[in-house]
Structure formats: structure tokens, C-alpha cells
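Subject: Structure for you to look over

Dear colleague,

I am passing on a structure that you have not worked with before, together with some notes on its side-chain contacts. Please open it first and keep it beside you as you read.

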Amino acid sequence: MPVVDVNPDELRELTGHDEKSDDELIDDLFGLGLEFEGRTEEGDLQLEFAPDRLDRLSVEGVARSLRYQYGDDRGVYVPNTNDADWTIEVDESVPDERPYVTGAVIRGVDLDEDALDSLIQLQEKLHATMGRKRAKGAIGIHDLTMLKGRAATEEGQTELGNSITYRGVDPDGDRFVPLDADSEMTPAEVLRSHPTGETYAPLVEEYDRYPAIYDDIGLFSFPPVINGRRTEVSTDSRDLFVELTGTDQWTIDRMCNIICYALDARGAKVEEVEVEYPDRTLVRPDLEVIEKTVTHDRIESMLGVDLSAERVIDLLERSGLDAEPTEVGDDEVAYDVEVPPYRVDVLHPLDIVDDVGRAYGFNDLEPRYPDVGTVGGRHDRSKLEDAAREVLVGLGFEDLLNFHMISEGENFDRMGLDRPGDDGSGNRGDVLGAAEPATILEPYSEDYTMLRTWALPSLLMVLENNTHRAYPQDLAEIGLVARVDEEENTGVAEHRSVAGVLARHDASYEDAKARLQAVARNFDVDLETPATDHPTFIDGRAAEVVIEGEPVGVIGEVHPEVLVEHDLELPVAAFEFRLNALE
């Protein structure tokens, strides 16, 4: 979950509620879903929140939400914008891997130290979340007075006053002075010799030409790696040029909106920019209001409360939305809801219902028994899971609960498995963990891009993070795994998997098998372990787990290459099998 540092004094100033104590602010923020995690050394509040509300990645966004909660602001707010004076020309030489650009001009911003720190934090938090560590979208913020735009007077250009160019550059082409450097470098030298360049080199180093942004003086931005020192923003900056490049136009446009709203809250004026692609022209920022429709019945049934239409509209306006009631079907009331352009989280009518519930106050909802005539009870699978967990703990394992989502690199590459569709080794499909994964089309983070196909990668990741702790470390988990299966109604087959690892100086196949045999005895099932090959395990030290005649898993000693990949210096023995094999 993202954690944002917020200065409580700034929060009071931006909300206009100087009378609020820190404790009162913390309580109010909790009502918005922002949890207090502690304080920084400087006394700032550390707030954790769900990663869908990216507009709250800065103190300005948090203050905006509080003003709506307090009733000081109502309905959709869209900043007024000045007409474009600047153009971003997109040259055909731009790398195909990163073809999109957007931007805005910000006029008259007052950047004191706190405001500048907030802007930098917002930039980096957007990079880490929606920008997927700059892979999908990267932000450059520049001092506009240090840019010299080429006059837009050539044939085919508009009548705008200034123009900059987004284009490709040879790795050893034009030179510039990057931030935190004192001498000129080529883009290739930045990737080799600059600390920031080394960090983000994997994003562009395979490109034939690198992304670059030029003004009339020359190269001033090398996205997504680093900006030039010439246009560095300081507390003396009053006019800013915001540019974003990436692999998806929608993503960078929404990131730009969030920045524009944050700076608008500081009293700045947003000015449009024209983006001229070879085949079209866009006016940015894209501050278009989107519309969703939700029925009154759905709101009441989801929240379990009776609300008048007037009350629903009031709650929507206190959520920063606008709504108009309309009749649908047989006298059923629905609401056409307008959503502001900074709300990247509203994708479905249920998101609107969530806003209504949040404005109403989830703590004010009265619990009631469901209107059904059945009595609840434990599911058989849940009973089996608890029984297996109790046996594992009795055998000395520490029980874990890991995320069900993971990345392809963790699930496959670091475990010695080929990814789906790879050619070569032939270790696909017929070994545990090698199934086709259910992937996320638009993940917010590159660390969580798919549902894991087996549980052992999660346990190895825990061992990797626990190298500073004492050994032995015996860890186990019973958790969800999934794979693509076209025969399922959902297209995805899910099951519970039992996994365990033994990390110690004398860990061996025999140790893991002894514990597996103990589990089988406790559930009175027949266990066989015929030899097998699996790329995650050492040849000759791995076996298939066969329970009641059915192959259900694998057991063995983890391969040294996998251990090295996870920075582990001790042997690890491991096993994994399907939970339902113990029924």
C-alpha cells in the first residue's frame, strides 16, 4: 500500500480548518480510508491508503478530499485553463516502444520548500504506482523560464508561440548536463555513469534510439531516466512546464491531471499545450468529465440503508461528483453521475456506490441480520485447511499468509521455469508451477502482474527477505494458486496449495519427505514419491508427490542457481501439493 508523508500544518492550511488538532485530522482521514501509520522525524503524518485513489498521493489531494468530507466543497470541480501557447511536436524518430507524450504549462505557482517537497513526492509516488516505476509513464517537471521554444512559424505549424520536440536520439548523440551532475554527458554515458541513469537503464538500454525532448537550445530531458540540470525546478520557479512520456496515452494523461489539480490547489493557473503527432493533434491536459450511471436500488441494496433521491445526490456531491436523477425501466430511479478527470479509480457503478457509502459513513451503517432462513457453518474446505495448518504448525513450521498476486519474474524466471510460450528447454506444462498464468491487463505495479501458479515462489521470497534472521527457518503456507483453464466458466482454475520450505545448514530431501510423510499419516492417505525432474530442484534430488495414486505435487532440494538468485547461502528443501489431496 502507498504511504504518503503529509505535513499536518499544511493540511490545516489547505483545508481551511486551523482549529483541527492532529488527532482530529487523523480520525477524519480514517473516515476517508487513510490509515495513520506513524510520524516521520520531522513530525509529518504517514498515511497509508488503497492504491486506487492516486489523487491522494499529495497533501493537496488529501486536503481536497477532506474539504468535500467537511462539506466545504461540493460537486465536480474542473480548473479553468488558458489557451495553449506551447506545442509539443512528436517527431517520427520517437522510439516505437515509448511513443506517447502529454503535458501542461503551469503559471504563477508559489513553490516554498513544503510545496516543492510535496510536488516531488507526488511525482515519485505516481512513478511508483500508476507509472509502474516509470516503465509505463514518466514525469518531467521543468522551470519554464529556462526553456527557449522554437517559434512556430514554419509551414504546416499552428500559430502558437513556442514549440518543443519529442524525438529519438542516438545513444552517443547529443550531450546535456543531467540533474546532479556538473558535466555534459551523452544519453549512453548517463546510463553507464550516472546513479539515476544506472537505476533506470533497463527501461531504455535495448532501444536503438532513446527518447529525448528538445527546445531551441538543445536536449533538456531524457525520459524516462532524468531531466537536464538547465531546467531544474527550485523554490524560485513560478512557471512550470510539465511533460509526461510513456507507453499508454490514457495513463500519462491521467497522471498529468493529478499533477495539474495539485498545483491548481496551490493557486497556480493551468495552461493548455497542443501535442502534435504526425497524424493528429491533441489539446492537453485532458480535463474531460466522464459519466457513469447507477440505479437507486443498487445503491440501497449494496449499502443496506434507505435513502431518498435528494440524500443520494447530496452524498454524491460531497464526494466531489455531480448527479442528475433519471427514470429507467418501470419507474426505477437512476443517476447520471459526472466524475472529475483526476478520479482514475472510477471504472464501474460500484465505485460510485462506494463513494456514497464513504460519504454516508461506513461506521454509521447499522449491522443487521440478513433476511435468510439458513444457518451459517464452516465449509468443508475450510475445515480441511485448518486441520492441515494445525498439522504443519505441529511439525515445527511457521504459518504464513502471502499475497496471491506476484510477477512473472518471481513466479517463473527466478524459479528456473520458462514463461508461457517460451521455446527451448521443454520444462513447460508438465511440471508444477509451469501452467499458463492469469495475468492482469492493466496492473498498477510491475511487482503484481499475475495470480501465482504455485506457492513456493512466495516462500522463497520470504526467505530472501529474512536472511538477517536466525536459522533454521521452517516456513509453510496454505494458499490460493491459479492457472488459465478454458474449460472453467471463468476461464481460470483455482485451488488451494500446501507448500513448505526448510532452510538450514543440513536441509535435505529426506528432511522434507519426513515431514510430508507425517502429514500423510495424520490424514490417513497413501503417499508415494517417485523420482522426477523439475528445473527448480536438483537433478536426482527431486520427486513427484503422489497421494492415493494421483500426482499432486513435487518435493526436493532447491537448485543452487535458484538459491543464488534469492541470495540464499544455506540449502533449502521444499515441497508443494494440492490441499484437496488430503480429503
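The notes below go through aromatic rings, charges over rings, cysteines and salt bridges in turn.

This is a predicted model, in which local features need pLDDT of at least 70 and side-chain atom pairs count only at pLDDT 80 or more, while totals for chains, interfaces and linings use all residues. Residues are numbered from 1 along each chain as its sequence is written, and side-chain values use heavy atoms, with hydrogens and water left out.

I begin with the aromatic rings. Rings of Phe, Tyr and Trp (its six-membered ring) are taken as a pair if their centres lie within 6.5 Å, and planes under 30 degrees apart count as stacked, over 60 as edge-to-face and the rest as tilted. By this rule there are eight aromatic pairs. For burial, the cut-offs are under 20% relative accessible area for buried, over 50% for exposed and partly exposed in between (1.4 Å probe, protein chains only). Tyr77 is partly exposed, at a relative accessible area of 38%, whereas Tyr261 is buried, at 2%. Together with Tyr342, Tyr77 and Tyr261 form one aromatic cluster. Elsewhere, the ring centres of Phe575 and Phe577 are 6.3 Å apart and their planes are at 25°, so this pair is stacked, and both Phe575 and Phe577 are buried.

A charge is counted as sitting over a ring if NZ of Lys or CZ of Arg is within 6 Å of the ring centre and within 35 degrees of the ring normal. Arg167 lies over the face of Tyr214, 4.6 Å from the ring centre, and Arg280 lies over the face of Tyr277 at 4.1 Å.

The cysteines come next. With a disulfide taken as a pair of cysteine sulfur atoms within 2.5 Å, the structure holds zero disulfides. The cysteine sulfur closest to that of Cys256 is in Cys260, 4.0 Å away, which is too far for a bond. Cys256 is buried at 0% relative accessibility, and Cys260 is buried with a relative accessible area of 1%.

Last are the salt bridges, each being a side-chain nitrogen of Lys or Arg within 4 Å of a carboxyl oxygen of Asp or Glu. The structure holds 40 salt bridges. Glu271 and Arg107 meet in one of them, at 3.0 Å from N to O, and because Glu271 lies in strand E12 (residues 269-276) and Arg107 in strand E5 (residues 100-107), the pair ties together parts that are 164 residues apart in sequence. Glu271 is buried, with a relative accessible area of 6%, whereas Arg107 is partly exposed, with 25%. Asp286 forms a salt bridge with Arg254, with 3.8 Å between the closest N and O atoms, and both residues are buried. Asp55 and Arg53 form another salt bridge, with their closest N and O atoms 2.9 Å apart, and both Asp55 and Arg53 are buried. Salt bridges that share partners join Arg53, Asp55, Arg343, Asp345 and Asp355 into one network.

Key
Helix = DSSP H or I, 4+ residues; strand = E, 2+ residues; numbered from the N terminus.
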